[in-house]
Amino acid sequence: MAPEVNEIKTAHHLYAVEMIDITKRFPGVLANDRVTLRVKAGEIHAIVGENGAGKSTLMNQLYGLYHPDSGEIRIFGEQKRFHGPRDAIRAGIGMVHQHFMLVDTLTVAENVVLGSEPVKGLNFDLNRAREEVRKLSEAYGLYVDIDAKIEDIPVGMQQRVEIIKTLYRGANIIILDEPTAVLTPQEVEELFEIMRNLKKSGKTILFISHKLNEVMEISDRITVMRGGRVTAELITKETNEREIARAMVGRDVVLKLDKPPHKAKDVVLEVRNLWVKDNRHLNAVRGVSFQVRAGEVVGIAGVAGNGQTELVEAITGLRKVENGEIIFLGKNVAGAHPRQLREMGMSHIAEDRLKYALIKPFPAYYNAILGRHYKTPFASGAFLNHREIKRFTAELMEEFDVRPRIIEHLGGNFSGGNQQKLVVGREIKAHPKFMVVAQPTRGLDVGAIEFIHRQILRMREQDVAILLISMELEEIFSLSDRILVMYEGQIMGEVRPEETTVEEVGLMMAGKRLEEIRGGKK
Amino acid sequence: MRKVLESILVPVLAVLIALLISAFVIVAIGKNPLQAYAVLVRGAFGSKQAIIDTLIKTTPLILTGLAVGFGFRAGVFNIGAEGQMAMGALIAASIASNFGNIPPVVAIPLTLVIGMGAGAGWAAIAGFLKAKTGAHEVVTTIMLNWITTFVASFMVTGPLATGSGTPKSPEIAASAQLPILMKVGAMELSAGIIISLLAAVFMYVFLNKTTVGYEVKAVGFNPYAAEYGGISVSKNVVLAMAISGALAGLAGVTELMGVHHRFLGELSGGKGFDGISIALIGQNNPIGIIFAALLIGALRTGSNEMQFLGVSKYIVIIVQGIVIFLVAADRIVRTIYLRKKVKS
């Protein structure tokens, strides 16, 4: 049943959440170093910071998943000690995790009440559950299909179910952990509308994000974290993206690179009517065709899971092509082995760097030669040429600013950004003619993103053909010469970044064809 | 240097703790543990004969340890060293009994190659099945072990049978027998020990210095990244199993050429499985494996002597079991510690 007890206490205290002098240490890491966070009742408070800044650790302590080593937590002025999420929920805190905690085969209503189901006698009272969910859904403008199964509804709706779940458990303080990562621009707008509604009805929202434009749009106040500490507390109206970025990174950052005009040359890669299946043997790529020319960046936008991964894997020789052709430098290479493709001048910055691009137990100097390990100068005959391998690695790490600059350091021990720089360096130093760049900045901090974007543009100027796949629209817009939008394995349309809008691309990401959108306007 | 010390520390501590715990068992059966251990050490190293006996027992253990350890380094769990060892010896025995007219310079290497080839081929079946169908090598190598057992027993009671008493094959040609390095009484130490040490050097060089070693390790650590880097996973899985099997086959054929000179029904006697323990204690490192094999060889040799004192020789099995448990536990502890660190 939905406990409403907290309503009484919330009343007139200025701060909904106070976390004072919180310190949390993990073996070898000081995750939170005397962090103080004050969230006013009824505000939308953004917490921003790079990966590893300590945001999640801080929120997990607020939600009772970890205990602080020192410091205190107050909820509406009352000091609390949480021994688990159960205590936090009782205190009126709800959390929507980045990965949803829903049972796919149950309905929306069943998922909401799961764990505190209404009963009639000894039986589950489904009608009461549906009624409760309907009431909450209407009260806060959270549209959901109460009787649909989770597996049948879109991600945006699943997220709303998660929010209703927290409300059903009586949450007054709602933590949203990177909620926009999985949404289309339109869904993001809907989410922001819901957040405003929740705020209007007196709820307090903690919004964790690293997307500065979203933070600027929705939040009232911002706490910025870096390296486990709070580096700034800002009032959104009185600040700007530049100031937030500086507090996040600790130096000035160029948020938007200028992309000099550059003429595209010959076609390097052509995909013709490509069909590819996913791991469940369903068609993931359904008749895709496009070209990439030397010296241009072709960006593929789309919500995750619309066939981009399978497309990349097919082009790079990692997945079987069911039908269609991949013409690389005039030769059909559908079904070719990755080694052949690399020999022909293809490089690949893989989307999942820990799965594909990096061998964690290998030292940096072995990771730096993966793909070219058998060729001179890294090998002479059957033997590895360790002296040359190490010299090359040291040079790569210097040139691409990989830290720490220890060539013996194991791949898995570098931070995400430095792993990526190592991979990017390796793939660029192979002097490719064509480069597939998938999600190159996922999970990276602002500084590393800037660096990697510069490298991609540098390759473009050197007349490398580049296929960029990204879920980040900003990245697509700032780097691409042409944008293709993928939805359910098909291309919805091709646009130039200077001739389109985020809204138009967003509509295509949601499954509208370009002709429909532009035709509809007339 | 610190890394080397650290990796030695765990097995050494494990052995000491195991001896300590076993001491309580010996006390419990009413014997003096210090006395028992003194006899154990004397039995393994106390005389020239004892040392030779220990080295003879150690030779095949080094090779099966290398076989399993190599597999682990390449990401395959070759539990079939037992069968590959027997297969190597069986095929070599049936061919090398006809080598009477061939001089040793040819006969010895040829027999070795036959034994290694038989082991490699036998293991490669499991590698091939894994690469093509995804069948796990633990299952297939166990099945191959049983096939070997029955094939061997059929051969020595049927087509190859000779003499009476224990089922056995005819003796291999004298020219195919390994030269004797040292002889004390009935104990003959053959050149097999040198072959096993050379195999350890081979494994070290192959894994650390060659491009194929790089590829095999890459596939073992992360097959996805290997494929991405243009390394054929299926080719390397077959290769890894074949090399592992070749080392096991070598264990069998050196036993054949250096100790028994004929194939006996129970030639392998569990040494293939001992290889798993030895690889574990030696932490898949060729040098570590040599010492781990020596430890097990010495315990086995010394335990016979201990039996005269009224202490069951199975005490050493307890010691061995505790050592393995502790070395494995160390891995578990480290893994948990690493996970935690990564999480935070």
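In this predicted model, Val437(A) has Leu468(A), in strand 22 of chain A, as its bridge partner. Helix 10 of chain A, residues 308-315, lies across strand 15 (297-301), strand 18, strand 21, strand 22 and strand 23 (482-487) of chain A, and runs at about 155° to strand 21 of chain A.

An open sheet of six strands in chain A has the order 18-21-22-15-23-24, and its pairing is mixed. Because strand 18 (346-349) and strand 24 (490-495) of chain A each have a single partner strand, they stand at the edges, and one side of each is left without a neighbour in the sheet. On average, and with direction ignored, neighbouring strands of this sheet are turned by 20° against each other.

Helix 16 of chain A, which spans residues 446-461, also contains His453(A). The relative accessible area of His453(A) is 9%, and because buried means under 20%, this residue counts as buried. When its neighbours within four places in sequence are left aside, His453(A) is in contact with Leu257(A), Thr441(A), Glu475(A) and Leu479(A).

As for confidence, chain A averages a pLDDT of 89, and 96% of the residues score at least 70. Over residues 1-11 of chain A, however, the pLDDT is below 50, although this stretch has 20 contacts in the model beyond near neighbours in sequence.

Turning to chain B, the axes of helix 5 (residues 104-133) and helix 6 (residues 137-157) of that chain come within 9 Å and cross at roughly 145°, and the crossing of helix 5 of chain B and helix 6 of chain B is right-handed. From helix 5 of chain B the contact is made by Trp122(B), Ile125(B), Ala126(B), Leu129(B) and Lys130(B), while helix 6 of chain B contributes Glu137(B), Thr140(B), Thr141(B), Leu144(B), Ile147(B) and Thr148(B). Sorted by class, the contact of helix 5 of chain B with helix 6 of chain B has six nonpolar, three polar and two charged residues.

Terms used: Residues are numbered from 1 along each chain as its sequence is written. Chains are lettered from A and ligands numbered from 1 in the order in which they are written. This is a predicted model: local features need pLDDT of at least 70, side-chain atom pairs count only at pLDDT 80 or more; totals for chains, interfaces and linings use all residues. Side-chain values use heavy atoms; hydrogens and water are left out. Axes are lines fitted to C-alpha atoms, for helices over the stretch in contact, and angles run from 0 to 180 degrees between N-to-C directions. Helices (H or I, at least four residues) and strands (E, at least two) are DSSP runs, numbered from the N terminus. A crossing is left-handed if the near helix is turned anticlockwise from the far one by less than a right angle, and right-handed if clockwise. Contact means heavy atoms within 4.5 Å. Ala, Val, Leu, Ile, Met, Phe, Trp, Tyr, Cys and Pro count as nonpolar, Asp, Glu, Lys and Arg as charged, and the others, Gly among them, as polar. Buried means under 20% relative accessible area, exposed over 50%, partly exposed in between (1.4 Å probe, protein chains only). pLDDT is the predictor's confidence in each residue, from 0 to 100. Two strands pair if DSSP finds at least two bridges between them.
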